[in-house]
Amino acid sequence: MRSVSGGPETSIEFVNHRSHPVTIHWLDYQGHRRQYAVLQPSASYRQHTYVGHPWVVTGGRGRALVCFEPTTTPARAVVR
């Protein structure tokens with residue numbers, strides 16, 4: 001997975017419902033992770049982004065928990 005250019009602007013609100021912190025990463029144009037935020041339990045974070053820019057949420061030791069693809073309308077991504 002990697003980002004592609006040309007998509008419209010949008011946003012994602014990430015919400016951490018886990019009992020441990022999670023890390024939010026953007027997947028760049030080469031597919032590399034770029035860290036944007038660390039969310040503590042019960043915390044949320046709104047990220048401006050573009051359609052075509054995937055995001056991955058990792059837990060301890062960098063293990064991927066879930067990936068999110070932005071949509072044309074602002075969305076909420078709940079990490080359980």
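Begin by selecting Glu13, which is placed in strand S1 (strands, E, of at least two residues, and helices, H or I, of at least four, are DSSP runs numbered from the N terminus). Glu13 is buried, with a relative accessible area of 18%, where buried stands for under 20% relative accessible area, exposed for over 50%, and partly exposed for what lies in between, computed with a 1.4 Å probe on protein chains only. If residues up to four places away in sequence are not counted, Glu13 touches Ser44, Tyr45, Arg46, Ala75, Arg76 and Ala77, contact being defined as heavy atoms within 4.5 Å.

Before going further, note that this is a predicted model, in which local features need pLDDT of at least 70 and side-chain atom pairs count only at pLDDT 80 or more, while totals for chains, interfaces and linings use all residues. Residues are numbered from 1 along each chain as its sequence is written, and side-chain values use heavy atoms, with hydrogens and water left out.

Now extend the selection to the sheet around S1, an open sheet of three strands in the order S4-S1-S7 with mixed pairing. Strand S4 (44-50) and strand S7 (75-79) stand at its edges with a single partner strand each, so one side of each is left without a neighbour in the sheet. Direction ignored, neighbouring strands of this sheet are turned by 25° against each other on average, with axes taken as lines fitted to C-alpha atoms (for helices over the stretch in contact) and angles running from 0 to 180 degrees between N-to-C directions. Strand S1 (residues 9-16) pairs with S7 in the parallel sense over five bridges, pairing being assigned if DSSP finds at least two bridges between two strands. To see one of these bridges, select Asn16, whose bridge partner in S7 is Val79.

Next, select strand S2 (residues 22-27), in which six of the six residues are buried, so S2 is largely enclosed by the rest of the structure. Both faces are covered, with Val22, Ile24 and Trp26 buried on one side and Thr23, His25 and Leu27 buried on the other. S2 runs antiparallel to S3 and is joined to it by six bridges, and here Thr23 stands opposite Val38. The two strands form a hairpin with five residues between them, and in the turn Gly31 has a positive phi of about 90°. S2 also pairs with S5 in the antiparallel sense, over four bridges, and the bridge partner of Ile24 in S5 is Val57.

Stay with S5 (residues 55-58) and select Thr58, which lies in that strand. Is Thr58 buried or exposed? Thr58 is buried, with a relative accessible area of 2%. Its side chain is joined to that of His25 by a polar contact of 3.1 Å, meaning a pair of N or O atoms within 3.5 Å of which, within protein, one must be able to donate a hydrogen and the other to accept it, with residues adjacent in sequence counting only if both atoms are side-chain atoms. Not counting residues up to four places away in sequence, the residues that Thr58 touches include Val22, Arg33 and Leu65.

Finish with two loop residues. Ser42, in the loop between strand S3 (33-39) and S4, is exposed at a relative accessible area of 68% and has a phi near 70°, a positive value in a residue other than glycine. Arg61, in the loop between S5 and strand S6 (64-68), counts as exposed at 91% relative accessibility, and its phi is positive at about 65° although Arg61 is not a glycine.
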